[in-house]
Amino acid sequence: MPRTPRKPRPQGQITRGKTARNRLRRVDNFLCLYDPTLIRQPDPPGQVSWYVDLGYGEEAFTALESAERLRRLNPTLPVLGVEIDPERVQRALPFEDERTRFRLGGFNLPLQPGESARLIRAFNVLRQYEESEVQESLLTLGERLIPGGLIIEGTSDPFGRIWVANLLRKQADGELWVEGLLFSTNFRWGFEPAIFQPRLPKNFIHRMLPGETIEAFMSAWKQAALATIAVRTLGLRQWFIAAALALRDLGWPVETRKRPLRQGYLLWKRSGRVRDGALFRDLPS
Ligand SMILES: C[S@@+](CC[C@H](N)C(=O)[O-])C[C@H]1O[C@@H](n2cnc3c(N)ncnc32)[C@H](O)[C@@H]1O
């Protein structure tokens, strides 16, 4: 008798599952602002291209909230919560509906034939891994992305007020590229570039050292913030914008459109193939 093919073992390990309602609201808001086309695009007939929330945690709050928010742009968006802890999957199953599913899985996403991912969010997942595991885990995660698909992978504080995330894009040739490093604040804890340091994603958190790309960037941002400190009297948002413009003038490729900056998003535009090590350092172009 032919054997039923075994499901591949989920790649990764069970980690602490702490989460909170609305913790990732600003991640959803950013995605709607940054790439509405990717969220809106219809699936070809017979295909399903998920929005994946990888490692949603003890409760399914954040995945369900994303479904609600992103469906304001695309009411038929399929949303898949993936967890490596079977108990957390069981707990989420009652919340399934026609377009929302929860499955046991890991970095090698549990997708079926005809399924792919358009957008993957992995928040507060890799921070609990070793730095040496980051590149391979993200490459594995990117395998099931559609061309043009996006990964947002980052670390936040417990309330989602401050976070930093990698943006990675799947290219037409199948390669995963770094697209940027995004800093987000809702200004509740003031503004100083240093407030982001404890929330750097795993590829950078241990690299605040002389000679490292991230250290050079953070130093330049601190310098830019200091040079524009007089603007603080007009408000933190104005200061955040002025510091970003000064950072650009120092030669750093940051996004300077006012709208995302006013909302507390600073995007450092980075570029390079993940497999060449671009997560960790700037590569010669
Ligand atoms: C700290 S929680 C994060 C919850 C939520 N994403 C948040 O930011 O509030 C991390 C979760 O990721 C899960 N996890 C860790 N590695 C994973 C992997 N390789 N694949 C799927 N889930 C994973 C853990 O089991 C845990 O529930």
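Which residue in β8 stands opposite L182? L182 faces L267 there, in a predicted model where local features need pLDDT of at least 70, side-chain atom pairs count only at pLDDT 80 or more, and totals for chains, interfaces and linings use all residues. Residues are numbered from 1 along each chain as its sequence is written.

**The sheet**
- In the order β3-β2-β1-β4-β5-β6-β7-β8, 8 strands form an open sheet with mixed pairing, where strands (E, at least two residues) and helices (H or I, at least four) are DSSP runs numbered from the N terminus, and two strands pair if DSSP finds at least two bridges between them.
- The edge strands, each pairing on one side only, are β3 (100-104) and β8 (265-273).
- Strand β7 (residues 176-185) pairs with β8 in the antiparallel sense over 7 bridges.

**Helix α5**
- In helix α5 (residues 134-142), the buried residues are V134, S137, L138, L141 and G142, a residue being buried if 20 or more other C-beta atoms, placed from the backbone, lie within 10 Å of its own.
- These buried residues line one face of α5, because they fall within an arc of 135 degrees when seen down its axis, the arc being that of the directions from the helix axis to the C-beta atoms.

**The ligand**
- Among the 25 residues around the ligand, those that come nearest are G12, G17, T19, G55 and G57, where a residue is near a molecule if its C-beta atom, placed from the backbone, lies within 6 Å of it.

Definitions and conventions: A residue is buried if 20 or more other C-beta atoms lie within 10 Å of its own, exposed if 12 or fewer, and partly exposed in between; C-beta atoms are placed from the backbone.
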